[in-house]
Amino acid sequence: MSGIGLINLLNSVTKSDKEARKTSLRVIGTILCITHLFDIGCSFGAVLYTADTLNDSYNDYVSSSPFDLSNASVFDFLLLSILRAITFPLLTFLGSKYGADVPFICSSMCCKVVDDDSDEESELNSDSPPSSDLSRPLIDPLSKPSLSLSPPPSSPPRRNPRFTPSFFKGVVLFVLFLLSTAIQVYLGLRVSSYTFSNNLLPVLLCLSVLWINLTVYFHRTLLDELTRQKGLFLPKVHRHPVFLQKGLALHWCDLCRTRIRGTQGAFRCKLCDFDMCIRCSKREDVQTVSENMLRGDKGVRSESTVSNGTYFGRALSMAKGEGTLLFLSFTLLALYCLSGLYLPNYQGKIIDRVVPDDSGEYDKSGFINDVKIYLFIMLAQGAFSTIYSAAFQLVSRRLVFNIRNTLFRKILVQDVAYFDGTESGRLISRLTNDVNMMMQPIQSSLSSLISNAFMLVGGLIFCYVKSYRLSMLAFVTVGPIMYLWDLYAQWSKRLNRQMLASWAEGNSIASQALSHIRTVKAFGTETSEIDAYNEANLEALKAGVKDAWGNGFTTALTSYLDLGTGVLILYYGGTLVMDGEMSVGELVTFQLYWNMMNNAYQNLQGLVTSFTRSAAGAEKVFSLWDNTPDIDPNDGSVIDWDVEGDIEFKSVDYFYQMRPDNMVLSGLDLKIKKGTVVGLVGRSGGGKTTLIKMLLRFYDPKAGSITIDGRPYTSLKVDDLRSFFGVVSQDTELFSKTVAENISYGMKPGTYTHEDIVEAAKAAQAHEFIKEMKDGYDTRVGENGSRVSGGQRQRIAIARVFLRKPKIILLDEATSALDENSQTLVQNALDLLIKKSNATVVLVAHRLSTVMNADKIAVIDKGKVLELGSHDELCKLNGVYSMLVKKQMKKRENELNQEAANGQNPNRTTSMDDIDKLLDAR
Ligand SMILES: Nc1ncnc2c1ncn2[C@@H]1O[C@H](COP(=O)(O)OP(=O)(O)OP(=O)(O)O)[C@@H](O)[C@H]1O
């Protein structure tokens, strides 16, 4: 786990950034004190073990050359551990003093710098949810979004641009790295050349390498935490402070998903790679209107950050159902590893058998015997590996299958508000790119992860058993190599996040262009769409190229360290063989174990890197996975009564999350009696369609309630509720299926027959045109019904409603997009539907002629019901409606006169009764 990972872990158990910082400092500081004490304690213990020679050896030690490594004393170990306990904290102190980021100062924006010494942050933070709580929205839906931030107190100190804090911090980290590596190499050389008189001493000395690596790790973590800038803290937007940073050219704003311009810079969270562009930081309503955020019906949610551990743990927990297969694979894997661990032993033995003993004799029978055992182990190992890898492949493939299916389900159950703020191309990207990236290491290396871990531990033990001296020498580079890979992994994770964002952007562009291909062609925008797609992909390519260079550089650096270790082993191992302390076979065995361990280690390092990278994909997937919708399909009671269709809106307030400033419904009251037809009229944008959407419970009111047969909507199972509705909207969406499949869409198999479909189509006046198609009801209608006309699409939609026989029918301007002939046909079908169904009907219309026959007409304006009554009642009321009717009649009269004067056919029905125009002329 990297330092950032540890800090994130500590932060996840605290409520505010201030508390998180204090906890981190306290915990890491304590661990460091303990580790340094252990370090000194072990060296001191080693000195005590050699106490009998202490007096002499100290004098020996000081008088001898510093390059003479054959000293009997281990006093230098103690001196070095004390030196570490002084220099490492000193370096951390210097790093924190000169490497701390300059606090963000904002000149133009209304913002506040978080100050540890004031209580401001806790005030701001008091209503922010715990980071892990995905079920709560980040904002109060009815509170007006505001960040209420004030200007900072003072200007930042001027600094030489070359010697920036991050430069100082980098220098300190580099010195720490060099110092620790040098000390480790020195200690490795010392231990390998030391003659030990007891067994505990080598253990104590070898532990030094462990302490060095641990202390360096915690010092780095502490330095990161101490240099963490006091930044701009917007608890409602992000749970950590963010910092203004230049040169984030390849980054994307996590709120509006626009690309950040490098020259401008952006606000960045150093803990979890959250970026926010300058524009978003200025928006007051940024927390509600940001696109592609995780959100529910009640507001924006925070996304989870995923460490390697949680990622792997969760992926495995998903494989719970594969218990037996996994157990079998693990057993075979254990056998494979054990047999693999035995092989080098026999290789060494075989080599020793071909070396003649003191009398010049060869042990031929022993030689044949060892070769036989070697062969047997090898064959068994091959068999184990074949079976376990097949089993693991099977498990990982099933895992991918389950993850894809579940994720698609999780996406579909999200609230409609989520889809309002998210582009479908990005969701497709989650289902494909993010899942692929997340599953890549698991799919390709679940088995190799475990086998390498086995080999690493086994190889390590065998190495120490064979020769702790050589092991000590060999292990001095492990810490530095680990550090370098960790640095690269974190960097690569960021690049991969950018790559995913660019791919998602590309997907979004492609899916929009493809779904609107006719508009693209009509406007001749093919080239600009291609350019936009190229640009998004180019960003991904740039990030990929950077990643490849980083990988190459890290590989080269660590390979040199590794090669150096190999040379050291050969040199000292050869010396030991020449001194008679080791046989040739033992040296070969050690080398084989070392290679085995080293390979396993490098494979693991690669895997950890790819896990860290893939965590970027996993974050996206798990965030969506954990996001329980506010209108949860699992909540509420089933509808167990005979629904009649009495609906009531009581003081309903509503605004869309993406436009919180636009109050669409405010205190709306409306009663819709069972079996009646209620027409909704009003100006465009007045909220009629919103009412229809609320009837389908796409959104819950921000205030007030909706009831059906006296029961609150929110107490009912949403799927159950929707099953009582039939809808025909202005833009009917058809699926790329057959006509019959489209008519029966949403019906459970077995609840209808083909004859029912034909009957429904006949009633909807669709049978004639369907019959004329070559394949009749089996004709595929194309994506979004592109192979049928608008009027035909509407009639298929009406046939759907006829077949469904709903209790409540919602007609949302079902004829408004049609030409005259189609309008008449569709209107006839609708009239028949209303007459035959006996259902409660709510119809939205732009034409007075469509609603005149309704039992009740509601005039909706400014989010309220302005007038309610039948056509006659409203005409008598002498209000808006009657004025509209009068205006319409006058207009109609004028038009007829005009047409007659022009010699046109006065029978033509025009859109002259368009309510919008009449209301606007009011
Ligand atoms: N998903 C959405 N997100 C944000 N605002 C929306 C959304 N859908 C609609 N609006 C806005 O809400 C208001 C009401 O829209 P609605 O579609 O209910 O009006 P309408 O009365 O049906 O209009 P029309 O007669 O033109 O269809 C409009 O100002 C519209 O711009």
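How many nonpolar, polar and charged residues make up the shell around the ligand? By class, this shell holds three nonpolar, eight polar and three charged residues, where Ala, Val, Leu, Ile, Met, Phe, Trp, Tyr, Cys and Pro count as nonpolar, Asp, Glu, Lys and Arg as charged, and the others, Gly among them, as polar. The model is predicted, so local features need pLDDT of at least 70 and side-chain atom pairs count only at pLDDT 80 or more, while totals for chains, interfaces and linings use all residues. Residues are numbered from 1 along each chain as its sequence is written.

Of the 14 residues around the ligand, Tyr-656, Ser-684, Lys-688, Thr-689 and Thr-690 come nearest, a residue being near if its C-beta atom, placed from the backbone, lies within 6 Å of the molecule. The helices below are DSSP runs (H or I, at least four residues), numbered from the N terminus.

| α20 | 688-695 | three residues to the shell around the ligand |

A nonpolar core is a set of buried Ala, Val, Leu, Ile, Met, Phe, Trp, Tyr and Cys residues joined through C-beta atoms within 7 Å; buried means that 20 or more other C-beta atoms lie within 10 Å of the residue's own, with 12 or fewer for exposed and partly exposed in between. In the largest core, of 103 residues, Cys-253, Met-276, Met-597 and Val-621 touch the most other members. A second, separate core of 72 residues includes Tyr-418, Val-727, Ile-796 and Leu-848.

Helix α25 is mostly covered, with 14 of its 15 residues buried, and just after α25 Lys-805 takes a positive phi of about 45°.

Key
Helix = DSSP H or I, 4+ residues; strand = E, 2+ residues; numbered from the N terminus.
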